[in-house]
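User: I would like to go through the strand pairing in this model. Could you take me through it?

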Amino acid sequence: MDANDSKRTLSCTSHVCVNNPHLNALKDDILYHFSLGTGTHNLPAMFGDVKFVCVGGSPWRMKSFIEYIAAELRMEDPKSDYPNICAGTDRYAMYKVGPVLSVSHGMGIPSIAIMLHELIKLLHHASCTDVTIIRIGTSGGIGLEPGTVVVTKQSVDATFLPKFEQVILGKTVVRNTDLDQKLAQELLQCSKELNKFETVIGNTMCTLDFYEGQARLDGAFCSYTVKEKQDYLNKANDAGVCNIEMESSVFAAMCKLSGLQAAVVCVTLLDRLKGDQLSSSHEVLQSYQQRPQILVGYYIKKQLKALAKGC
């Protein structure tokens, strides 16, 4: 991790940090991929009450989540179809109900990184405090039954090391991928209280690709044998990797830099030790995909009840 990153992160408390002095020179900050901006929108009025942010790959899934959480919090409006706040762009989708913001991030590290830059700035400009952000999604499991929910302990790269590397100005910058362990334990406890599906805490491997990067045999290209694939996945399993996806490393790194309490909650759609392709029915896969929503929804309800009692 860059030493300056560490110093700046430690100086942040409950506020959302942006570690960029150049932003002060901007008259207006245009959040281009959200079709929002400080000069065109009253961001504190629109988002200042946000306490929970949930992000996931597809716009459909994130609209489904906001409809689900609205019903759970009894904030649903029969007359509302929950309009997309980012309707001025087709890059990402954003929905809000009460203190919960739901945002899509696309697929892979570059897409979620772009979204997170603008989301973190949005939360900063809106003067949000004590924000919890959770990525909900799907993944391939390693040695787990399909449908198991994994709460990430640490995001590791394809060599099983807990780091995120990015080339900036021609130099490789390495950043920490630790996630909030207290939050992970709270989510695990919520799953125990729900008692609806298996949930574990473990490491998540973040790759740059869905096919070769994840040791699949069914891509357009493959330069390794079945045995080499199996040996690699067994090594991942031995290293404590429970599941594989493509966003957690940069998510963990950027949330840590900005002082956000963060977690990754992904359901496994298959056991990669047993195959590469999804064979479960559409209905079964849909039910699996709802599990992170159910768990995170329960957590948000529990936290809001605790806040209400504290008031």
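Predicted model: local features only at pLDDT ≥ 70, side-chain atom pairs only at ≥ 80, totals over all residues.

User: How many residues of strand β5 are buried?

Analyst: Five of the five residues of β5, residues 100–104, are buried, so this strand is largely enclosed by the rest of the structure.

User: Which of them point one way, and which the other?

Analyst: Val100, Ser102 and Ser104 point one way from β5, while Leu101 and Val103 point the other way. In a regular strand, side chains alternate between the two faces of the sheet.

User: Does β5 run parallel or antiparallel to β4?

Analyst: Strand β4, residues 94–97, pairs with β5 in the antiparallel sense over four bridges. Tyr95 stands opposite Ser102 in β5. The hairpin of β4 and β5 has two residues between the strands, and Gly98 takes a positive phi near 55° there.

User: And what joins β3 to β5?

Analyst: Five bridges join β5 to strand β3, residues 52–56, and the two run parallel. Val55 stands opposite Val103 in β5.

User: Moving on to β6: how many of its residues are buried?

Analyst: Nine of the ten residues of β6, residues 132–141, are buried, so β6 is largely enclosed by the rest of the structure.

User: Which residue in β6 is the bridge partner of Val53?

Analyst: That partner is Ile133. Four bridges join β3 to β6, and these strands run parallel.

User: How many bridges join β6 to β12?

Analyst: Nine bridges join β6 to strand β12, residues 261–271, in a parallel arrangement. Gly141 stands opposite Asp271 in β12.

User: What about β11?

Analyst: Strand β11, residues 241–245, pairs with β6 in the antiparallel sense over two bridges. Ile244 in β11 is the bridge partner of Gly140.

Terms used: Residues numbered from 1 in each chain as written. Heavy atoms only, no water. Buried < 20%, exposed > 50% of the residue type's maximum accessible area, 1.4 Å probe, protein only. Pairing = 2+ DSSP bridges.
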